[in-house]
Amino acid sequence: MAAYAGDIDVTDVWRILGDEPGALLVDVRTDMEWRTVGVPDLTAIGRAPVFLEWQTAPTMAVNPAFLEMLDAAVAARGLDRDAPVYFLCRSGARSQSAAMAATAHGYGAAYNVAGGFEGPPGPDGRRGSVDGWQAKGLPWTRDPGA
């Protein structure tokens, strides 16, 4: 059995979220990142991401309630552990860990969103221009309530 369902590009995730009502985007970054860097804006497709910290600041310890909170968020949307869940973080590292944990917890289609929201640093050392949600020009906002 695979550690998780696999890596998927942000543009594919955007298309899937628009096409599959049972697909779910879970942003696993920290609250501070959501508020200062921005979040995916799914309003154009009538959706909203789930915001659920994989690690919590300031210690960046793994959130011990993550899987319980994930189960609750999935159930609140009328879904179950068979629903495709796409985990997003800054660059794809934390989201990969979250996808692996979800798979071990019984989720059958837990994916890591490769490139994440900001992607790796560019030649100038800044993120958001090389790969990821922002660099691919997908809708985003600085308002986590959007």
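Two strands are taken to pair if DSSP finds at least two bridges between them. Helices (H or I, at least four residues) and strands (E, at least two) are DSSP runs, numbered from the N terminus. The structure is a predicted model, in which local features need pLDDT of at least 70 and side-chain atom pairs count only at pLDDT 80 or more, while totals for chains, interfaces and linings use all residues. Residues are numbered from 1 along each chain as its sequence is written, and side-chain values use heavy atoms, with hydrogens and water left out.

Strand β7 (residues 85-88) and strand β8 (residues 110-114) run parallel and are joined by three bridges. Within this pair, valine 85 stands opposite alanine 110 of β8. The two strands belong to an open sheet of five strands, ordered β1-β8-β7-β2-β4 with parallel pairing. Its edges are β1 (6-9) and β4 (50-51), each of which pairs on one side only. Helix α1 (residues 10-19) packs on the sheet and touches β1, β2, β7 and β8 (contact: heavy atoms within 4.5 Å). The direction of α1 makes about 85° with that of β1 (axes are lines fitted to C-alpha atoms, for helices over the stretch in contact, and angles run from 0 to 180 degrees between N-to-C directions). Helix α4 also packs on the sheet, where it touches β7 and β8, and its direction makes about 175° with that of β8.

Aspartate 27 lies in strand β2 (residues 24-27). This residue counts as buried because its relative accessibility is 0% (buried means under 20% relative accessible area, exposed over 50%, partly exposed in between; 1.4 Å probe, protein chains only). Not counting residues up to four places away in sequence, aspartate 27 touches several residues, among them Val39, Pro40 and Leu88.

Six salt bridges are present in the structure (a side-chain nitrogen of Lys or Arg within 4 Å of a carboxyl oxygen of Asp or Glu). One of them joins the side chains of arginine 29 and aspartate 27, at 2.7 Å from N to O, and both residues are buried. Another links glutamate 33 to arginine 94, with the closest N and O atoms 2.9 Å apart. Glutamate 33 lies in helix α2 (residues 31-36) and arginine 94 in helix α4 (residues 93-104), so this pair ties together parts that are 61 residues apart in sequence. Both glutamate 33 and arginine 94 are buried. The side chains of lysine 136 and aspartate 131 also meet in a salt bridge, at 3.6 Å from N to O. Salt bridges that share partners join Asp9, Asp131 and Lys136 into one network.
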